[in-house]
Amino acid sequence: MVAVYFDSMDDDTRRRDLYQGELFVLSPRPTTLALVEHAREMIEEAFAGKDPRTAQYELSVEEFVAIVAPLKPAFIHHPRTKALIQAMLADLGCDPEATYFDVPRLRTMTSDDYLKAGVGYQFHPHRDTWFSAPLAQLNWWMPVYEITSESSMAFHPRYFNEGVKNGSSEYNYYEWNRTGRVEAAKQIKTDTRKQPKAEEPVELDPQVRLIPPVGGVVLFSGAQLHTTVPNSSGATRYSIDFRTVHRADLERRIAAPNVDSAPQGTTLRDFLRATDLTRLPEELVLEYDNVEEHSGVLVYDPARQ
Ligand SMILES: [Fe+2]
C-alpha cells in the first residue's frame with residue numbers, strides 16, 4: 001500500500017510519512033512557479049528561438065548536446081536559482097533553520113531514443129541511497145513543461161520495505177566526483193560510467209506515476225525505488241530536482257529504513273542550510289561517513305556537476 005498526499009504543508013508530519021514510503025504532490029504556488037519560470041527563461045534563451053521541447057527533431061545529437069551540456073551547470077550556479085529554492089522551501093512549510101538543500105539539477109530527457117547517454121541519461125530502477133544519499137534524504141521533483149505519463153517518473157513502492165540485490169557496495173561517492181561527472185558531457189551514444197544497478201529482476205509493475213501540472217512538486221524519500229520512464233511522449237522533458245535533509249532528523253537518526261543500500265561515503269557535505277547556505281557540521285557528517293581517508297575533506301566540487 002502506498003498513500004499519495006496532496007498539498008500537505010505540515011513539514012514534521014510530511015517528513016515522517018515520507019520516511020515511511022508515502023508520496024506527496026504539492027500544487028503550483030507563486031514560489032514554485034517562479035523557479036520553473038527561471039528555468040524556462042534559461043532553457044529558451046539557450047535554444048535561441050527554437051521550441052526546446054521539439055528542438056531535438058531539428059538538431060543533430062551533437063548540436064543538441066552542445067546546447068544542453070552548458071545549460072545544466074549554468075542553471076546550478078545561477079545566483080537566482082538558490083534564492084528561489086530558499087523561498088520555495090520556506091513557503092512549503094520547511095523550517096529554514098533546520099532544512100538543508102543541495103543545488104538543484106536541471107535534467108533533460110529526450111523523446112524516442114534520441115539521446116540515451118550522458119546529459120540525457122535514463123536511469124534504471126534505483127534508490128538515491130544506493131548513490132551515497134543519506135536515508136533521511138527527501139527528493140523534490142518538478143516538471144518545467146507539461147508532462148504526460150509517457151514522460152514522467154515511476155515509483156515502485158513495493159520495494160520500499162523490500163531489498164533488491166544491487167551493486168551499491170561498489171559505489172564510492174568521492175570516487176564518482178573525481179572521475180564520473182566530468183565524463184558525462186563527453187558521453188553521447190553510450191554511457192560507460194559505473195552506476196549501482198539492481199542485480200536481480202525487479203518487478204516494475206505495479207508502478208505509480210504522478211503527473212503534476214507545471215509548478216507542481218513530487219516529493220518522495222531518497223530510499224524510494226524509482227525509474228525515469230523512457231520518454232515516448234514526442235517532446236523532450238525538462239525537469240528540476242533537488243534534495244533536502246532535516247538536521248534534527250539526522251541528529252536523531254530519524255530516516256527511511258535501510259533495506260539494501262551499502263555505498264561508500266556520503267553526499268551530506270553537499271547540503272546548504274536554507275537560511276545562510278552554511279554546510280552541516282562536520283562532526284555530524286562524520287557520523288554518516290564510512291570512508292576514512294576522506295573524512296574531514298570537502299570533496300564535493302559543484303563546478304564539476
Ligand atoms: Fe533518483
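Two strands count as paired if DSSP finds at least two bridges between them. In this predicted model, strand S6 (residues 153–155) and S7 meet that condition, pairing in the antiparallel sense over two bridges. Look for Phe-155, and you will find Val-208 of S7 standing opposite.

These strands belong to an open sheet of three strands, ordered S7-S6-S9, with antiparallel pairing. Strand S7 (208–209) and S9 are the edge strands, as each pairs on one side only.

## The iron site

Which residues coordinate the iron ion? They are His-126 (NE2), Asp-128 (OD) and His-226 (NE2), at 2.2 to 2.3 Å. Along the chain, the donors follow the spacing H-x1-D-x97-H. Asp-128 sits in the loop between strand S4 (105–109) and strand S5 (138–143), while His-226 is in strand S9 (residues 226–228), so the pair ties together parts that are 98 residues apart in sequence.

Are these two residues buried or exposed? Asp-128 is buried, with a relative accessible area of 11%, and His-226 is buried too, with a relative accessible area of 4%.

## Helix H3 and its cover

Now turn to helix H3 (residues 61–77), which has 17 residues. At 1.5 Å a residue, this helix should span 24 Å, and its end C-alpha atoms are 25 Å apart, which agrees.

Several residues of H3 are buried, among them Val-61, Phe-64, Val-65, Val-68 and Leu-71. Lys-72 is also one of the buried residues. An α-helix has 3.6 residues a turn, so residues three or four places apart point the same way. What covers the buried residues of H3 includes helix H2 (30–46), helix H4 (79–91), S4 and strand S10 (237–246).

Gln-56 lies in the loop between H2 and H3, and at 2% relative accessibility it counts as buried. What does the side chain of Gln-56 reach? It reaches the backbone nitrogen of Ser-111 at 2.9 Å. Beyond its neighbours within four places in sequence, Gln-56 is in contact with Phe-64, Thr-110, Ser-111, Tyr-114, Ala-235 and Thr-236. The C-alpha atoms of Gln-56 and Leu-115 are 9.1 Å apart, although 59 residues separate them along the chain.

Arg-14 has its place in helix H1 (residues 11–19). Arg-14 is buried, with a relative accessible area of 1%. Not counting residues up to four places away in sequence, Arg-14 touches several residues, including Phe-24, Leu-92, Cys-94, Trp-140 and Leu-219.

How values were computed:
Residues numbered from 1 in each chain as written. Predicted model: local features only at pLDDT ≥ 70, side-chain atom pairs only at ≥ 80, totals over all residues. Heavy atoms only, no water. Donors = N, O, S within 2.8 Å, 3.2 Å for Na, K, Ca; no water. Helix = DSSP H or I, 4+ residues; strand = E, 2+ residues; numbered from the N terminus. Buried < 20%, exposed > 50% of the residue type's maximum accessible area, 1.4 Å probe, protein only. Contact = heavy atoms within 4.5 Å. Expected span 1.5 Å × (residues − 1). Polar contact = N/O pair within 3.5 Å; in protein donor to acceptor, adjacent residues only side chain to side chain.
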